[in-house]
Amino acid sequence: MMTTVRSGVALAMMASACSGPADGNGRAGLAASLEPRTFVSESVEGWTLVSGTEVRISFVAGELRASAGCNSISGPYSLEGDRLSLPGYGVTGMGCDPARHAQDERLRELLSAKPVLELSEPRLTMTSASSKLVLLDREVAHPDRPLVGTLWKGDAIIDGGSVSGGFGMAFSIEFGADGQVTVDSGCEVGDGQYSVDGATIAFSSLTYQGAPCTEPSVQTVANKVMAVLDGGPVSHDIEEVTLRITKGDRGLMFRAAN
């Protein structure tokens, strides 16, 4: 559920009036250096981060997206000199423990206070009268896992416009440095060769051994895995620990297991 902070009219007016961040000189300077990027917290002054959480702030196409371990904040932003302006935004309505809810409030207070931004690569500092947040570029803090040598465990199935997962996904894939690939569909294990050209992966001689599953739901997942990986090139992208492989409107999502 998305709750609009301040007036929905004001947010709609901002969205239509602000096609991208500006600092008084178009999108030059700091504004151009922030997009499209994600930063994660390195240190905080003014409050103590809840154990196991981090602050994430992204700048994408004139929109700021932020989270601190519970709900997400998003809305169009602008720059007034070196100050961030976020006059209207939406907040998701997840229920979390009191400590994380309080942390959400501290982040919202910081973002609403027109904090001063200072970008000193690869760090972004946000400073208000009561808080100081130092963030590190996500690609430095949490680099993307390599395709090769990582055991990728199945996380979700993409089927048209829907993504389903979380019900004991048993499939996996592993790419070897020798050009060999091993696929576990959750029922049968396949071996073959692969090649990578930019974002495209081509498989060849991929053959499976083993018997079909006795559990129909597991066999259904296995069939979808094999349908994506068998025949024709696929596209892939990696973000942190997530690998996404797609072919048309179907695809597979994996998480790094090592």
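A residue is called buried when its relative accessible area is under 20%, exposed when it is over 50%, and partly exposed in between. In this predicted model, both phenylalanine 171 and phenylalanine 254 are buried by that rule. The points below follow two kinds of side-chain contact, of which the structure holds 13 salt bridges and 5 aromatic pairs.

**Aromatic pairs**

- A pair of aromatic rings is described by how far apart the centres lie and by the angle between the planes.
- The rings of phenylalanine 39 and phenylalanine 59 have centres 6.2 Å apart and planes at 75°, so this pair is edge-to-face.
- Phenylalanine 39 belongs to strand 2 and phenylalanine 59 to strand 3 (residues 56-60), so their contact ties together parts that are 20 residues apart in sequence.
- Phenylalanine 39 has a relative accessible area of 0% and is therefore buried, and phenylalanine 59, with a value of 0%, is buried too.
- Phenylalanine 171 and phenylalanine 254 make another edge-to-face pair, with 5.3 Å from centre to centre and 85° between the planes.
- That pair links distant parts of the chain, with phenylalanine 171 in the loop between strand 13 (162-165) and strand 14 (172-175) and phenylalanine 254 in strand 20 (residues 250-256), 83 residues apart.
- One aromatic cluster is formed by Phe39, Phe59 and Tyr77.

- Arginine 37 and glutamate 121 meet through their side chains in a salt bridge, with 2.8 Å from N to O.
- The two partners are 84 residues apart, arginine 37 being in strand 2 (residues 37-45) and glutamate 121 in the loop between strand 9 (116-120) and strand 10 (123-127).
- Arginine 37 has a relative accessibility of 15%, so it counts as buried.

**A salt bridge within a helix**

- Glutamate 105 and arginine 108 form a salt bridge in which the closest N and O atoms are 3.0 Å apart.
- Both residues lie in helix 3 (residues 98-112) and are 3 residues apart, so about one helical turn separates them.
- Glutamate 105 counts as partly exposed at 37% relative accessibility, and arginine 108 also counts as partly exposed, at 23%.

**A network of salt bridges**

- The side chains of aspartate 144 and arginine 138 meet in a salt bridge, with 2.7 Å from N to O.
- Salt bridges that share partners join Glu54, Arg56, Arg138, Asp144 and Glu240 into one network.

Note on methods:
Residues numbered from 1 in each chain as written. Predicted model: local features only at pLDDT ≥ 70, side-chain atom pairs only at ≥ 80, totals over all residues. Heavy atoms only, no water. Salt bridge = Lys/Arg side-chain N within 4 Å of Asp/Glu carboxyl O. Helix = DSSP H or I, 4+ residues; strand = E, 2+ residues; numbered from the N terminus. Buried < 20%, exposed > 50% of the residue type's maximum accessible area, 1.4 Å probe, protein only. Phe/Tyr/Trp six-rings, centres within 6.5 Å; stacked < 30°, edge-to-face > 60°.
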